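My notebook is open and the viewer is loaded. Here is what I looked up, one entry at a time.

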Amino acid sequence: SLITMDGDQKKTRQHIHHFHFQQEKNKQKERFRWHSLFKNGQTAILLLTGIFQIKLGLLIVCIAILGIVGPLWLATLLSMSGSISFMIGGFFIYYAITLQGSFETLIGQAIQNVINSQN
């Protein structure tokens, strides 16, 4: 009974080590993905613009909700424009991420075509 418990502990340690190794590998992939997003000039500009518009939209909506702007109609217009700015910023970020992903699939397809043509 002691041998099986010791063997189970070794297996458990191996599984834990494998799990930590996979987590580190995933973190490195995630860092590489963010680095590759900012490496391309077009996606970097889209990401920065999207982040700026989201922050601006939230600021405008907060100003309107807090009642810093006097007339109600003006606060309503500000709230609507802030919401639109927030949505456009989110679209820019989405577009930048999908644009980068489509480039990777294009490279993958090219590599696949080369491999198929060699066979």
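**Entry 1: a nonpolar patch.** I found a nonpolar surface patch of about 460 Å², made by Leu58, Ile84, Phe86, Met87 and Ile88. A salt bridge here is a side-chain nitrogen of Lys or Arg within 4 Å of a carboxyl oxygen of Asp or Glu. Areas come from the Shrake-Rupley method with a 1.4 Å probe, and for residues only the protein chains shown count as cover.

I reminded myself that this is a predicted model: local features need pLDDT of at least 70, side-chain atom pairs count only at pLDDT 80 or more, and totals for chains, interfaces and linings use all residues. Residues are numbered from 1 along each chain as its sequence is written, and side-chain values use heavy atoms, leaving out hydrogens and water.

**Entry 2: who supplies the patch?** Which helix gives the most to the nonpolar patch? I found that helix H3 (residues 72-118) does, with four residues. Helices (H or I, at least four residues) and strands (E, at least two) are DSSP runs, numbered from the N terminus. Ile84 lies in H3 and is partly exposed, because its relative accessible area is 46%; buried means under 20%, exposed over 50%, and partly exposed in between (1.4 Å probe, protein chains only).

Entry 3: Is Ser85 buried or exposed? Ser85 counts as buried, since its relative accessibility is 8%. Its side chain reaches the backbone oxygen of Gln53 at 3.1 Å. Ser85 touches Gln53, Leu56 and Gly57, leaving aside residues up to four places away in sequence; contact means heavy atoms within 4.5 Å.

Gln53 sits in helix H2 (residues 41-66) and, at 19% relative accessibility, counts as buried too.

**Entry 4: checking H2.** I tested the length of H2: its 26 residues should span 38 Å at 1.5 Å a residue, and the end C-alpha atoms are 37 Å apart, which agrees. The expected span is 1.5 Å times one less than the number of residues. Among the buried residues of H2 are Leu46, Leu47, Gly50, Gln53, Ile54 and Gly57. Just after H2, Gly67 takes a positive phi of about 80°.

**Entry 5: stepping back.** I counted three helices and zero strands in the protein chain. Of its 119 residues, 17% count as buried.

Notes
Patches are made of residues with over 30% relative accessible area and no salt bridge: like charges are joined within 9 Å, nonpolar side chains (Val, Leu, Ile, Met, Phe, Trp, Tyr) within 5 Å. A polar contact is a pair of N or O atoms within 3.5 Å; within protein, one must be able to donate a hydrogen and the other to accept it, and residues adjacent in sequence count only if both atoms are side-chain atoms.
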